[in-house]
Every structure is written in structure tokens, then in C-alpha cells.
Amino acid sequence: MATFLYRLGRASFRRRWLVTGIWAALLVVVGIGALGFSGTMSNAVSIPGTESQQAIDHLKKTFPEANVGGGTARVVLQAPEGQDFFTSPANQAEVTRVVTALRDAPEVVNATDPFKTKALSRDGGLALVQVSYGKQAFELSETDRAALIDAAHSSGLRAEVGGDATKGSPVTGAAEVLGVAVAAVVLVITFGSLFAAGLPLLTALIGVGIGMAGLLVVTGFTELNANTPILALMIGLAVGIDYALFIVSRYRGELANGADHEQAAGRAVGTAGSAVVFAGLTVIIALAGLTVVGVPFLGEMGVAAALTVVIAVLIAVTLLPAVLGFAGDKINGRIRGLRGGPKPGRPGMGERWARFVSRHRVATLVVALAGVVVVAIPAASMQLGLPNDATAAPESTQHKAYELVSDGFGAGANGPLMVVVDTAASPDPKAAVAATAKRLTDLGTVVMPPQANRTGDTTIMQAIPKTGPSDVATEDLVADIRAAATQLEDSTGADIAVTGQTAANIDVSEKLADAMIPYLALIVGLAFLLLMLVFRSVVVPLKATIGFLASVAVTFGAVVAVFQWGWLTDLLGVESTGPIMSMLPILLIGVLFGLAMDYQVFLVTRMREDYVHGTPAREAVVTGFGHGARVVVAAALIMASVFAGFVFAEDSLIQSIGFALAVGVAVDAFVVRMTIVPALMSLFGKAAWWLPRWLDRILPNVDVEGAKLVEPDDDRRERVPVPV
């Protein structure tokens, strides 16, 4: 591997015009494609095979007039203080005006009359209008949403609007700009050079540009989740900067050791580039593994992010050495006052830290592990769910609508359940519907009048729970209804299913929770094999895996403390709290595992490199750590900063993903990889590199540390070792 990458690095350096031209042409082509083929993206969250989704599919075939699956909105109208809608003809006329305006709004197929549906609060102070669209919510334009808001406010009454029709695609605003700005500062401090700092940013932005444009092209042919490009942007920026950082740092080191520019490019790509390739593979495995959990939108997000990582790796080992060829001696330029490293002849901060940890390894382990346990404690209280209007920003119209509905009609009115009764095989359809309605009432729900399709073989009825859509009691209620449905099916011959947005969210959460352990086992198993191949050790991959689990536990604890318990929300700009997004844990496991292995590979590869070249095992921990610590610290700060920038996004899912990844990367880099790992490596000594002989014979030698790195002598065509 190192030899191949060494040759690739030299070839890219030598043929820099060709390599740069190919990447530039690719960027232009996908950019033009994005302009011509980009389509819309969806906010819908569904999982084929769940009861709720099967019921929706059934209704689309047998009850199309019910318009199931179309966008919906809830308009809550409030009478002036001291007045109501029961006794005031003027207020009643205002409600009628709003209903008429809503029915005339673009794409609306129906807006209910609250006087006919009896959707008035007990005191008559609130009226609830249900708005149905012929299109799915994500297909609505911003003009359509603006028309909805305008129609709701077409009278003198206070109006608040909720529902999925009000929600557009998530917007990150200046989040990525903030992350890139922090990354630029860290790079300048690390290299002490504006030119050297600019190269990782340049190549990362090119990679992200190609990846994002490619995703836009894909949207012209298939539907993608609206969060897919944002995750790809997060990961693409972070790894693109980090991978280039490692190679540029090694390149400058090779120049300092006396190599010419072409040799230095080859050696940097052959050594640091090998670590980049294997680190990238772990990220790709973790992200692509999301396709096996059975959740389509997560699979899309994983594959898209994995492709941006592939692009980042390819750019790092081809375009970057080509750009280094154009840079010449400018790469070593210095800003006055910035050294870009320790003084010659003096150990750096990383080496001094490694010696301290090695000397006090037991005490260091005890303190670090105790901190991990304490911060991870809130994770035991994690409650999963999907976003709804209750979790919207407190000042948003969606949240205000949720509060008004809860006050006037009960929290359950924000998430009614839809019960579907298929009576095609029932000997007495009317009796089956009546028995279902009675059982729903017995379970404590308020049952609305049933509606039958034209052929009379399918009936739907709304069952309004007493509790809100995110409440545990509502989840228990859905389980009770489904258990009762099984009994009713036996006695009536009808097929009964529970669906609606609330039931669908519960199904998605359960599906994701069930998939978490198998997915974790899959990616950990595959990555363990890959790390064993890279490090030719059983102990090192085992420690890496256990360290990752510690990072996940700490991250879950921090996420629960902030987004569920409400700690530090004012400081972080988090406007609402509630259950943790059900997709976040499994998504976090996939992304964080790949990124955590980056630092494992970069740090421990340098330790193994020194060990293979004859340094005693414990001393190799110190010297190897010293070689890589400065650049790993910079990489971790950059990656955490990129992710942290997304905490200031408007969308709650993006906020939580950005926060979780920022915390996870910081904890994994500074606590696990730079504290616990060197302490354990020092504790194990030579045993850390133990590998059974039979396994040593089976495993191919990928030479990630460059022990067999050679270069061709241009005159004699002989192969001579290249010092590393």
C-alpha cells in the first residue's frame, strides 16, 4: 500500500497540470449537472414494512379520497379576550373568512369548518381548522407556505399555524462558514503559514463542492431526504480538511529532513496517505453500513456521506500532491511570531504529555475513566422520539399552535391516531366498526365519527389520546390498541391497523432502536478486522473499539443533558428540549465510529512506525505520539469546530447532530485517543503488538507504516529504501 501510494504521490506531483485539470473538469461538469438536473428533497420519514406504513399504502389504494400522505396544517384561531365563537356572530364571520381563504390557497384540497366539525374549545375561545394538501409537505414551495400563513392571518383574529405543511427544508445558514473560519485559524497556528494553511481548506472545499453538486444531480432522478446533503457537508468538510492536514504536515516534515519536493510528496502520500486511506475506509464502512438497518432515509444519508469521504480521500492522495507541486518553497513560508512547531532540539508539548501519561499511566487511566463514567450517566435516561411542533422554537408559530391546541383541546389533539378498519373479509362490517370504536373509547381515547370509502369496505376513524404525541403514555396506548386489534380481528374478521403521524413516529423509533445493536456489531466487527490488518495486533484494535464505546456513552450523556434535560441551552442557543431524535443514536454511532478511528489510525500508526524501525515499545509510544500529537490536536479542533458550527442551525435535528459529533470528536480525540490509549499502550508495552503466529501468516502485510517503502532510481532503475 505505502509503495503504491508513494508512486501515486510522485506521479501526481510530476503531472500536476493533468491531475489538476481532471479535478477541475469534474467540478465543472457536476456543477453544470446540478444546475440542470437538481430536484426537490423530502422531509418525510417512513420505513417500509411497519404497520403504520402498510396502512397508509392500503389507504392510498382503497381510500384515495381520504388524501392520506398529503401535507397537513392546523390553523388555530383565538377569539379576542373576553369573547368566544359561540355567541359572537362577528367572530363567527371572521372564522368563515379564514376558512374560505384557506380553501382558496394554492394546493389546498380542503379546509374544515370548525363549526361543522365541532372543533371548538369548551369555552368557545379557540377554533381549530384542519387544512389538507394534495401534495406531500416536502413538495410544497415557499410560496405555498407563505400563502398558508397569509390566509390564516386574513382576519383580525389571532392565528397560529402548525403541521408538516409549514416546514421547509432545513437551513444551516452560516454554520458551515463559522466552522471553516475556525478551521482556518487552527491551520494557521499549526503551520505558522498562511499558504500551508490554505491548501487543506482549498482541497476540502473542492471535494465538498463536487460531492454536494453530485447530490443535487441525484435529486433530479430520485427523492432524497432533506438532511442528506447537510450530513454530507458536515462530514465532507471535516474529513477533507483533516486528511489534507495530515499529508501537508508530513510533506513539510520530509522537506525539513532534506528530501526534494517530489520525493517529499511521494513519501508524504506513501506514509500519511496510507493512514488517510485506512482511516477513510473505516469512515466509509461505518457510513455505508447504515444501509443494512432497514431505514431508507438513513441509508441515503450514509451512502451520500460515504461518497463525500471517498472524494476526500481521492483528492488527498492525488490533487493535494499536485497542488503541492505548484506551491514550491511557498509551503514553508512563516508568519512572524508563529513557529508552527516546537523549537529545534526541544521536545514538543505532545511528547511531554505522552511521557507524563506513560509515567503515571495507572493514575491517568483511573481519572480519565472516572470522568467518562460520570459524564455518561445521563445516557441511561435517554428518551427517543421524532420532532413535532412541541419541539419547535418557543417563539415559532408552530410551537404556539401546539400550546394553544393543548390548552383548548388537550395535548392528544396535536397527534391524533388514525385507525383503519378493513372490513372486506368481515361478515358484518358495521358491527366490526362499532366494536372497534367501542374498544378505542374503553382505552381512553376520544373517537371521532368514522368515515367509510365509496365501496364501504374500508373505514377510518380518528382516536384522540389524552397525552401528547411524544409522551410515553401515547406510545403505550398505541401498543394497547394494536393488542386489542388482534383480538377484534379474531372476533369480527376485519383487519385493523393504527397509523397517522404519531403512530408512524413510534414505529420509526422502535425500528431504529431494534436495529442499533446489530448495526453496532456489524461496523465494530468489520472495523476490528480492518484495524487488525493495519496494526497487525489483536490488542490495539480491541482497545480502539472499547475506547469508541466509551466515547459514544459520553456523547449520549452530553446530548441527553442538553437536548432532553435542558442544561446549558441558553449558552448553546438550543431553543427547545424534548425526546432525543430517534435516528440520532444510530446515526451518531456510524459517523462517530468512523471519525474516531481516524485518530486511532493517525496516532497509533506513528507509534507502530517507530516500533517497527527499532524503537522499544514503551518509548515508541512516546516518540510516535510526539510525532503525531500536534497535527492530531489541530485535526480534532478543526473537526469539532466544523461540527459545532451546526449547533447554531435552525433545524433541531441538525443542531443535535452537530453538537453530538462535536462532543464525540473532542472526547474521543483528547480523552480516549490522546490520554487513555497512550496510557494503555504504555501499560501493555510490547504485548500491545502481540499477534498469534498463525494469524500473522494469514493476514496480508499492507505496510501502512512504510517499512518497505522504496523508490526507483531514475538512472540505474534499482529499488533502494526510502528513509521515513
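I'll go through helices, strands, cores and a few single residues.

Some ground rules. This is a predicted model, where local features need pLDDT of at least 70, side-chain atom pairs count only at pLDDT 80 or more, and totals for chains, interfaces and linings use all residues. Residues are numbered from 1 along each chain as its sequence is written, and side-chain values use heavy atoms, with hydrogens and water left out.

Two terms run through the talk. Helices (H or I, at least four residues) and strands (E, at least two) are DSSP runs, numbered from the N terminus. Buried means under 20% relative accessible area, exposed means over 50%, and partly exposed is in between, with a 1.4 Å probe and protein chains only.

Start with helix α1, residues 2-14. Arginine 10 sits in this helix. Is arginine 10 buried or exposed? Arginine 10 counts as buried, because its relative accessibility is 10%. Its side chain makes a polar contact of 2.8 Å with the side chain of glutamate 262. For a polar contact, take a pair of N or O atoms within 3.5 Å; within protein, one must be able to donate a hydrogen and the other to accept it, and residues adjacent in sequence count only if both atoms are side-chain atoms.

Next, helix α8, residues 228-256. α8 has 29 residues and reaches 42 Å from first C-alpha to last, close to the 42 Å expected at 1.5 Å a residue. That expected span is 1.5 Å times one less than the number of residues. In α8, 26 of the 29 residues are buried, so the helix is largely enclosed by the rest of the structure. Glycine 258 follows α8, and its phi is positive, near 105 degrees.

A nonpolar core is a set of buried Ala, Val, Leu, Ile, Met, Phe, Trp, Tyr and Cys residues joined through side-chain atoms within 4.5 Å. The largest one has 163 residues. Which of them touch the most other members? They are Ile235, Tyr243, Leu298, Phe548 and Phe643. Take isoleucine 235. Contact here means heavy atoms within 4.5 Å. A second, separate core of 25 residues includes Leu77, Ala105, Leu140 and Ala152.

Now the strands. Two strands pair if DSSP finds at least two bridges between them. Strand β2, residues 72-78, has five of its seven residues buried. β2 pairs antiparallel with β4, residues 126-133, over seven bridges. There, alanine 73 stands opposite valine 131. β2 also runs antiparallel to β5, residues 158-162, with five bridges joining them. In that pairing, valine 76 faces glutamate 160.

On to β8. Six of its six residues are buried, so β8 is largely enclosed by the rest of the structure. Leu417, Val419 and Val421 point one way, while Met418, Val420 and Asp422 point the other way. β8 pairs antiparallel with β11 over six bridges, and leucine 417 stands opposite alanine 463. Five bridges join β8 to β12, again antiparallel. Methionine 418 is set opposite threonine 499 there.

What packs against this strand? Helix α14, residues 429-442. Its buried residues are Ala432, Val433, Thr436 and Leu440. They cover an arc of only 95 degrees around the axis, which puts them on the same side of α14. The arc is that of the directions from the helix axis to the C-beta atoms. These buried residues pack against β8, β9, β11, α15 and β12. On the other side of α14, Lys430, Lys438 and Asp442 are exposed.

Valine 447 is in strand β9. Valine 447 counts as partly exposed because its relative accessibility is 22%. Its contacts beyond four places in sequence are Ala437, Leu440, Thr441, Met461 and Gln462.

Glutamate 107 has a positive phi of about 70 degrees although it is not a glycine. Glutamate 107 lies in the loop between α4 and β3. Arginine 536 also has a positive phi, near 50 degrees. Its place is the loop between α16 and α17, and arginine 536 is buried, with a relative accessible area of 10%.

That's the tour.
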